[in-house]
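Subject: Structure handover

Hello,

Here is the structure I promised you. Please open it and keep it beside this email while you read.

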Amino acid sequence: MAHIDAGKTTTTERILYYSGYIRAFGDVDDGDTVTDFMVQERERGITIQSAAVTFDWNNHRINLIDTPGHVDFTVEVERALRVLDGAVTVFDSSAGVEAQTMTVWRQADKHHVPRICFLNKMDKIGSSFTYSVESIKKKLHTKPLVLQVPIGTGKNFKGVVDLITNEKVTWESNSNEDDGRVFERKPLTSKDNPALLKEAKDARNNLIEQVADLDDEFAEVILGDLCENIDAVPSLQLQAAIRRVTLAHKAVPVLCGSALKNKGIQPLLDAITLYLPAPNERNQELLKHYGDELCALAFKVLHDKQRGPLVFVRIYSGTMKPQSSIYNINKNITERMSRLLLPFADQHVEISSLTSGNIALTVGLKQTATGDTVVSAKSSVAAAARRAEKDQGKNQDRERLMLAGVEVPQPVFFCTIEPPSMAKQAELDHALNCLQREDPSLIVKIDPDSGQASGTVLCGMGELHIEIIHDRIKREFGIEADLGPLQVAYRETIMNAATASDTLDRMIGGKRHLVNVQLTVSPWQQEASVSTPVISYAESVQEAALAQDMKNAVENGMHSSCLQGPLLGFPVQGVQVTVLSVAAEPGTSLAMISACSSRCTHKALKQAGCQILEPLMSLAITVDEDYLGLVLGDLSQRRGNIQEVQSYQDNKVVSASVPLANMMGYSTVLRTLTSGTATFTLELSSYEVMTSQDQSALLNRVRH
């Protein structure tokens with residue numbers, strides 16, 4: 001995982017080459033790498049979908065997923081981290097920690113994934129090992145354990161000193177054909193360069209002190225037998241201590257190299273097997289209830305033209321076999337799996353069974369989607385529930401026996417999509433269904449007010465995300481769909497409290513349906529970003545003890561009313577609803593109760609006075625000092641708020657927050673302003689209340 005262009009896909013390509021899984025390595029720029037196999041990836045030279053690969057190294061089976069660095073595809077990183085046990089964070093050593101590095105690091109923190117840092121591009125002019133390590137310490141608030149020091153930098157980068165074993169590891173590249181497979185390991189001796197010798201000695205002593213501070217067992221060894229001679233610390237003991245510290249999330253090992261120039265990859269592979277956890281070292285509380293029974297999590301779906309949907313699953317316990325039935329707990333259905341494959345990017349190898357800890361590809365599951373827990377049969381859920389009850393002494397509900405799913409961020413952009421003719425509408429719906437199953441961050445809604453005949457609206461994570469979806473509909477499904485202009489997903493909220501009541505009185509089929517609802521809406525201060533209404537009941541209603549189905553009908557009405565606010569029809573957030581009374585004639589249908597509750601909520605929201613919330617984006621721009629003035633001037637015109645400007649080498653890094661509405665087509669403008677030299681990243685920061693001036697300008701624009 002990494003920021004865009006740190007070299008993840010190139011590093012993956014070299015890993016596959018050295019582990020013997022490919023005969024020649026591809027190049028991102030040539031569009032022939034193993035893991036970037038989509039047409040759109042090869043054209044743009046970026047990773048869009050995470051690709052899973054299985055390979056072996058030093059008698060270890062490794063499942064690797066190469067993830068995208070672009071913020072529009074952040075859900076790909078999220079779901080990969082959800083099912084993996086460890087991560088390698090790749091850095092461009094000339095830039096250190098960048099904006100998206102911090103995002104993926106936070107995602108890894110959330111899933112408690114131990115990680116290793118790999119400082120790539122050490123051959124690049126301007127690369128700085130010391131600066132990168134310092135930025136890891138400062139910006140990621142973690143303790144970097146430097147396990148290697150580079151020998152030479154830039155064009156003179158030859159290899160590394162392994163501080164664990166005190167050896168020089170060098171790659172002599174005399175010819176262009178040199179593939180980095182052959183390298184030399186020699187102990188450091190007094191004949192070596194004195195400056196390198198001193199640097200390596202100091203770095204090793206520093207490493208030993210750091211590890212001793214973090215690991216009591218290792219500290220005892222140092223203080224006991226080796227306090228006089230710290231150089232004599234056995235490498236195996238040091239390795240074991242680093243492993244313990246890494247797995248406990250107390251620090252992260254740091255290695256370096258150059259994937260493009262084929263240097264430093266084999267030691268990185270060794271470090272993965274030495275310091276990252278095996279599946280049984282990751283604590284999954286739930287798994288003990290399943291014992292040896294199958295329990296797996298579906299984390300990705302791909303659509304294959306010949307084989308139908310292919311579902312990626314991570315097996316947490318038990319064994320998976322083809323031609324067997326599996327039970328999906330989330331959907332409460334049993335499905336039959338026809339074949340089981342081992343993923344190798346876009347090549348898949350058929351296998352007869354797969355055990356826990358592995359990642360598999362299943363064929364034949366029609367309903368299973370991202371985030372679903374699958375087990376061998378419905379009876380195994382009941383058995384797990386009994387075991388859990390025995391252990392914890394309380395009844396376990398279905399939720400507790402499911403693996404945590406994958407969190408999907410809220411979309412910030414939307415646009416209408418239309419088929420070329422109404423005859424193609426069914427085909428477009430099928431294409432969108434397939435793409436939605438593959439990509440949970442894509443939301444498809446039907447909006448009759450959209451002004452389009454089909455009323456289909458696409459909601460996505462950014463301009464690039466929607467562009468890629470459009471391209472895939474055209475190439476993979478052969479539909480020339482038309483996209484409407486991109487629009488910003490605003491939200492609405494209320495600033496004041498208001499009380500309203502509503503009565504619905506209808507005669508339907510000779511039967512009278514009468515219901516009266518009274519409620520109060522007020523701003524919910526505790527967490528203003530709550531996107532569903534927080535519902536509470538007045539004491540009088542609690543005492544009246546409403547039937548559960550009536551309660552559900554009232555709440556459904558409130559939820560549906562909050563999906564479309566009174567101002568512009570955007571979702572309402574940060575609202576608390578207190579139900580003051582609900583009275584219904586016996587025999588009144590639940591649909592009527594729901595409709596009355598919805599109407600009443602809408603009335604109250606209108607009275608409370610709605611405010612528009614707009615998405616504010618965190619923007620980070622890396623720009624040459626000569627163009628800084630132009631960029632800052634342009635940002636101020638976009639209602640941007642500059643937070644800080646940092647210097648790095650000849651560049652300036654600008655951090656700002658800017659309303660998303662003012663960032664449409666920004667990449668083109670920035671390219672023009674800076675003659676193509678600047679880069680930027682953009683991600684959702686928060687939703688903020690618009691000023692009355694901006695709000696009335698927006699309302700005028702939308703209504704006319």
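First, one definition: a residue counts as buried under 20% relative accessible area, as exposed over 50%, and as partly exposed in between. Asn 332 has a relative accessible area of 40%, so Asn 332 is partly exposed. Keep those cut-offs in mind for what follows. Note too that this is a predicted model.

**Overview**

The chain has 704 residues, and buried residues make up 52% of them. Its secondary structure comes to 18 helices and 34 strands.

**Two asparagines with positive phi**

Most residues other than glycine have a negative phi. Asn 332 has a positive one, near 55 degrees. Look for Asn 332 in the loop between β14 (324–328) and β15 (333–337).

Asn 58 also has a positive phi, of about 50 degrees, and is not a glycine. Asn 58 belongs to the loop between β1 (51–57) and β2 (60–66). Is Asn 58 buried, partly exposed or exposed? Its relative accessible area is 45%, so Asn 58 is partly exposed.

Next, go to strand β4, residues 115–120. Arg 115, Cys 117 and Leu 119 point one way from β4. Ile 116, Phe 118 and Asn 120 point the other way.

β4 pairs with strand β3 (residues 87–92). The two run parallel and are joined by six bridges. Find Thr 89 to see one: its bridge partner in β4 is Cys 117. Helix α4 (residues 99–110) belongs here as well. Together, β3, α4 and β4 make a right-handed β-α-β unit.

β4 also pairs with strand β10 (residues 252–256), again in the parallel sense, over three bridges. In this pairing, Cys 117 stands opposite Val 254 of β10. So much for the pairing; now the side chain of Arg 115.

What does the charged end of Arg 115 sit over? It sits over the ring of Trp 105, 4.6 Å from the ring centre. Arg 314 lies over the face of Tyr 316, at 4.6 Å from the ring centre.

Arg 243 is placed in helix α8 (residues 235–247). A polar atom of the Arg 243 side chain lies 3.3 Å from the backbone oxygen of Leu 276. Leave out residues up to four places away in sequence, and Arg 243 still touches several others. Among them are Thr 273, Tyr 275, Pro 277 and Glu 281.

**Aromatic pairs**

A pair of aromatic rings is described by the distance of the centres and the angle of the planes. How many aromatic pairs does the structure hold? It holds five. One of them is formed by Tyr 17 and Tyr 18. Their centres are 5.5 Å apart, with 65 degrees between the planes, and the pair is edge-to-face. Both Tyr 17 and Tyr 18 are buried.

Phe 414 and Phe 570 form another pair. Their ring centres are 6.1 Å apart and their planes are at 65 degrees, so this pair is edge-to-face. This pair links distant parts of the chain, 156 residues apart. Phe 414 is in strand β21 (residues 413–418). Phe 570 is in the loop between α14 (548–563) and β30 (575–584). Both Phe 414 and Phe 570 are buried.

Last stop. Strand β27 (residues 498–508) and strand β28 (residues 511–523) run antiparallel, joined by eleven bridges. Ser 501 has Gln 518 in β28 as its bridge partner. β27 and β28 form a hairpin with two residues between the strands. There, Gly 509 takes a positive phi near 55 degrees.

β28 pairs with β30 as well, in the antiparallel sense, over nine bridges. Here Thr 520 stands opposite Thr 578 in β30.

Best wishes

Conventions: Residues numbered from 1 in each chain as written. Predicted model: local features only at pLDDT ≥ 70, side-chain atom pairs only at ≥ 80, totals over all residues. Heavy atoms only, no water. Phe/Tyr/Trp six-rings, centres within 6.5 Å; stacked < 30°, edge-to-face > 60°. Buried < 20%, exposed > 50% of the residue type's maximum accessible area, 1.4 Å probe, protein only. Helix = DSSP H or I, 4+ residues; strand = E, 2+ residues; numbered from the N terminus. Lys NZ or Arg CZ within 6 Å of the ring centre and 35° of its normal. Polar contact = N/O pair within 3.5 Å; in protein donor to acceptor, adjacent residues only side chain to side chain. Contact = heavy atoms within 4.5 Å. Pairing = 2+ DSSP bridges. Right-handed = clockwise from strand over helix to strand, strands pointing away.
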